[in-house]
Structures are given as structure tokens and as C-alpha cells.
Amino acid sequence: VITAGIDLGTQSVKVVILKDGGVISRGQAFSGFEPAKAAEQAVGEALKKAKLTLTNVNHITATGSGMDMAPYANSTISMMGADAKAGVCLFPKARTIVDIGAEEARAVKCDEKGVMIDFVVNERCAAGAGTFIEAMARALEVKLEEMGPLSLKAERASPINATCVIFGESDVVSLIHRQESKPEIARAIFDAMADRVSSMVFRLGVNPDVVLVGGVAKDVGFVASLKRKLGIDVLIPENPEFAGALGAALNAASRIREMQQ
Amino acid sequence: MKETLKNENTEYWRWQEYHKIFPAKSWKNKNLITAGVDVGSVGSKAAVMIDGEIYSYVIMRTGSNSPDSAKKVMGWALEGTELKLDDFKYIVGTGYGRVNVPMANKAITEIACHAKGANYIWGPSVRTVLDVGGQDIKAIRCDETGRVTSFLMNDKCAAGTGRGMEVFADLLKVPIEEIGEFSLRIDEEPPPVSCTCVAFAKTEAMGLLRKGWSKEKVLAAYTRAMAVRMGNLVNRVGLEKELVITGGQSKNIGIVSRIENILGVKCLPTPNWRENGLDPMVAGAIGAALLAKALYEKSQKI
């Protein structure tokens, strides 16, 4: 049985193809201003890697903020639902899934079957999402991928009052003028963001194991800050940005099972 | 080629800094000279008052250091006058950097100062003051003496603040002092942008421009969204007439007219500040100078 999951995110589209429940290929493309095109591209890439065509796929599930832009999908699943399914599939003991994308952060509480029980989402403010790190990296004049390693060199965090991307930019500039070191500013940025994300988790109640997915999970600086704020370890899968697509593909597989019964 | 380069380097967010003296009022033989120094997150303001009347005031951009900004703004306010710091009986510091005003005898919150200043500028009928500053917005209720009865504030988010407006001035390459008028050059008011977060609104605005929306229309949609946000804050604190707007955005006609439209009331008309110095952008510093006068008089009675 071949199934596919497409996660149409605000920044990029991710695709996962499953064969009998195991991942056989992935595809990714930048959403840009034409997410529908990007989705076709990402699907094409994943199919090519798996040496398949669209007709070989038994069921496609779409998720993500642009899920309506994949009309060829057979079904859709909410982003929270996809997070829960993927989290428990990757780590059977996972009960809290934190997903941080470019423009949105979610914390999802789920049961042992990967069924969502409750969730908290921040979609109205950029300060809790990947956009925040990107904007702060620009203000610090540091490459995005260098932010994390840089922050780990800090011994303390500079005092920063960043609750907003726009204010954070001017905060960072004045910290640079005050000759605070870049590692300490970078750490302050991650701490400020982890504060917001951990408060979402605290609202749900901390139910271990906690799994972090989404593109931001690849940032070692943020991960360190989140662990400090939550006071517990946080599990991170390989390819964390594909978790949503994996959840969607798993959903597709269970739809097939339902139909066969 | 040179022209393009120049345009690219233009800082559209930069607003005019200025100093005004009202020489008709001679300070000689007068005795009660006070000042209010309002070090805001974006702008610093100083107002010099003689017996409770405006003599000189300054508006300039806040630097990275509050004490320096306070010294600079006060220094400029004294320039061209014969006043020295020693002549001042009492100075009140206010604003975001109020605790770092070296020459101040006392620090007072900008909320109290804006209410007092609005009461002075527009008179005792003012009951609701919307202060739109560089990095926060405040809705303040006050009584006929300009004393605060309640207030609400948003200082966590750039939506609706002057800083947010500066970001859009830069994005659309429209000078900040013209964006209000610019946002009204439309045939029909478009629906507000759906994102309140300024970072997201920027992305949304770029999408609208790509869709073929004019800059005027995009700015109208953004200004509307920000005005809705300010209107909500006023409604939450409870709108009681008369309403006035202070802070930098009081000079943004696009914001003022939309707030009036959303709330269904007219703001009191802005006095001719160029002639009399009753500048709504300086309301905090004026209020501080007035409170300085009151505090000095009180101290003399004991």
C-alpha cells in the first residue's frame, strides 16, 4: 500500500511517501507566492525518488495552512491531528508534541494512539515562530544556521525585552550598540522565544515525553533554551520538518485500512 | 543612476525633529520655571513652561541611551533661550526612560502626564485620551482636572504603534509624515489586512502588492487594521466623550479619521500647535511640566 502526506506550510511544502507504513521518500519545495505549484513540485520530487507515479499512490492526505491548495488530495487532516499521529509514531511514549513552523507554533496533547486530546496554538504573532529567529538573525547580521551554535557559546543571556519581532529588531540593534556579545544576544533571543513556547506547553500541562518537531526543531540554540525553560528533556526526530507530512501520510494509511475493513 | 541610489538610501521612517520657542512670552521677572522631559521608546520630548505656559519645546529621536537622550533634548530646548538648568525650580521625567532622566527631581508615569497634558491642551471636557506612542498604545480615562481614573495599555506588540507605522513607511517607500494622507487617496475603503502582527502584515502586504493592489490601497488596509486595534483598546477601557489622541499618531490623519469612523465619535479638533505650542505629540512632556509646577507649589506650602 502506497500513501502520501502533503504538508502545505507557509514557508515550504513537505511531502512524505509511505509504503506499508514505512517512509520510502520525501520531497520539499519553497511555498513562495504560489504554494499550489510548490506542492506539485514537492510531490513530483518525492515520486521521482520513490520511482513511482501519482497513479501508484493509493491515498493522499493534505495538511498545513494551505491544505486546500492540493485538490488531488483524497482527504485532509488538521495540523494538530497530523502532529499527534506523527509524534506517537516516531516516539511511542510521546504525549505532548510541540510543532514550530515558520509562522505558527502549536502544542498538542495526545493519547497513546496518537489521537489529539487538546491543543494550544499561536498563529497571530510572529514572536513565537521561526520568523522571529530569522528576523533576529538578520538584525544580528548572523546566518540563520549559525544562530544556534553561536548561542551555545554564551555564558549568560543579555537582558532582552523582545515580545514582538518588530521591537526585537530594535532591541537587538541597541544591544549591539551597547557592545553586548553576539552569543549572549543570540541566547537571549532563543530564551525569549522559548518562554513563549513553554508557556503554551504549561497551559496544556507538561505530559512527558515531549517531542519537538517543525523546522525550528533543527535549531540547537532553541532546543537548548526550550529544555531549560521546560526543565525536562525534549525528544527530536530526524527530519523534524517532515513530521506534519508524515502525520498526513499515516492518516492516509489508516483511511485505506478503514476502507479495506 | 545617482537619483536611484539616493532614493534607495532614503529613510522613509524618519520624521522631522524640531524645536519651537514662543518668544512673545518673556521669562524675565517670572519666577516659576519648570520642565517636563518625556524620554519615549522612539521619540524624546521636552517642554519648558513659565508659570504654566509653554515657552519652548523639542521633539527628537531617542538614542540608544536614555540619560544621553534626556540631556540632548533638554539641551536643545534651552538653545536660543537665556535659560540655564539652574533656573528650573522643578523638572519631571516621564516616558519609557523616565527613571534615567538625570536632571529630573521626580519621575512620573507617562499615563498621568498624558492625561494632564491633554487636559491642558484641549480643556476640561476631555474624558478619554488615546496615546499612540512609538512602542505602545494606551487608552486613558480621566476626570475634568486631568487626573487618571483608569487605563489600558498594549506594550507587548507593535501592532498599532508608531514603530509599526514606520515599518510600513519603509516597506511602501512613503515618507512617514505623508502616510496618513496617502492612505486616504482611495475610492473605496478596502477590507483591513487580516494579520495584526506587523511581521505577518508585511508579508500579507507584499502579497497584495503582487496581486496588483496600489500602495495607497495596501496602506489603507493596513491603517484600517491598526485603527481597529486602537479602537478596541478604547472600547475596552470605555469610551466617554470627549475623545482626544496624543502621541505621534495624532498627526496621522489616516489613523485619526479611521478611529473616528470606527468609534462613531469625532475627536476634539487639534489646536493650532504651530502657533501656540499645544502640540499633541508633546502632551506627555507638557503634562510633566505642569505636574512639576504643581509639585513645586505644594513643596513651598509646607
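**Reading helices, rings and a buried residue**

Me: Helices α6(A) and α7(A) are oblique to each other. At what angle do α6(A) and α7(A) pack?

Reply: First, a caution: this is a predicted model. Read a helix pair by its angle and the gap between its axes. Here α6(A) covers residues 182-204 and α7(A) covers residues 220-230. They pack at about 50 degrees, with axes 8 Å apart. Angles from 65 to 115 degrees would count as roughly perpendicular, and those under 35 as roughly parallel.

Me: Is the crossing of α6(A) and α7(A) left-handed or right-handed?

Reply: The crossing is right-handed.

Me: Which residues of α6(A) and α7(A) make the contact?

Reply: Look at both sides. From α6(A), the contact residues include Phe190(A), Met193(A), Ala194(A) and Val197(A). From α7(A), they include Phe222(A), Leu226(A) and Leu230(A). Now sort the contact residues by type. Nine are nonpolar, three are polar and five are charged.

Me: Next, rings. How many aromatic pairs does a search of the whole structure find?

Reply: Four, over all chains. For each pair, check the distance between centres and the angle between planes. Take Tyr18(B) and Tyr57(B): 6.1 Å centre to centre, with 75 degrees between the planes. Over 60 degrees counts as edge-to-face, and this pair is edge-to-face.

Me: Where do Tyr18(B) and Tyr57(B) lie?

Reply: Tyr18(B) is in strand β1 of chain B, and Tyr57(B) is in strand β4. The two parts are 39 residues apart in sequence, so the pair ties them together. Both Tyr18(B) and Tyr57(B) are buried.

Me: Is the pair of Phe22(B) and Tyr57(B) stacked or edge-to-face?

Reply: Stacked: the planes are 20 degrees apart and the centres 6.3 Å apart. Phe22(B) sits in the loop between β1 and β2 of chain B, 35 residues from Tyr57(B). Phe22(B) and Tyr57(B) are both buried.

Me: Which residues do ring pairs link into a cluster?

Reply: Tyr18(B), Phe22(B), Tyr57(B) and Trp273(B).

Me: Last, a single residue. Is Ile97(A) buried or exposed?

Reply: Check its relative accessible area. Under 20% counts as buried. Ile97(A) has 0%, so Ile97(A) is buried. It lies in strand β6 of chain A, residues 96-100.

Me: Which residues does Ile97(A) touch?

Reply: Skip residues up to four places away in sequence. Beyond those, Ile97(A) touches several residues, among them Asp83(A), Arg106(A), Cys110(A) and Val213(A). Ile97(A) and Phe119(A) are 22 residues apart in sequence, but 9.3 Å apart in space, C-alpha to C-alpha.

Technical notes. Residues are numbered from 1 along each chain as its sequence is written. Chains are lettered from A and ligands numbered from 1 in the order in which they are written. This is a predicted model: local features need pLDDT of at least 70, side-chain atom pairs count only at pLDDT 80 or more; totals for chains, interfaces and linings use all residues. Side-chain values use heavy atoms; hydrogens and water are left out. Axes are lines fitted to C-alpha atoms, for helices over the stretch in contact, and angles run from 0 to 180 degrees between N-to-C directions. Helices (H or I, at least four residues) and strands (E, at least two) are DSSP runs, numbered from the N terminus. Angles under 35 degrees count as roughly parallel, over 145 as roughly antiparallel, 65 to 115 as roughly perpendicular and the rest as oblique. A crossing is left-handed if the near helix is turned anticlockwise from the far one by less than a right angle, and right-handed if clockwise. Contact means heavy atoms within 4.5 Å. Ala, Val, Leu, Ile, Met, Phe, Trp, Tyr, Cys and Pro count as nonpolar, Asp, Glu, Lys and Arg as charged, and the others, Gly among them, as polar. Rings of Phe, Tyr and Trp (its six-membered ring) pair if their centres lie within 6.5 Å; planes under 30 degrees apart count as stacked, over 60 as edge-to-face and the rest as tilted. Buried means under 20% relative accessible area, exposed over 50%, partly exposed in between (1.4 Å probe, protein chains only).
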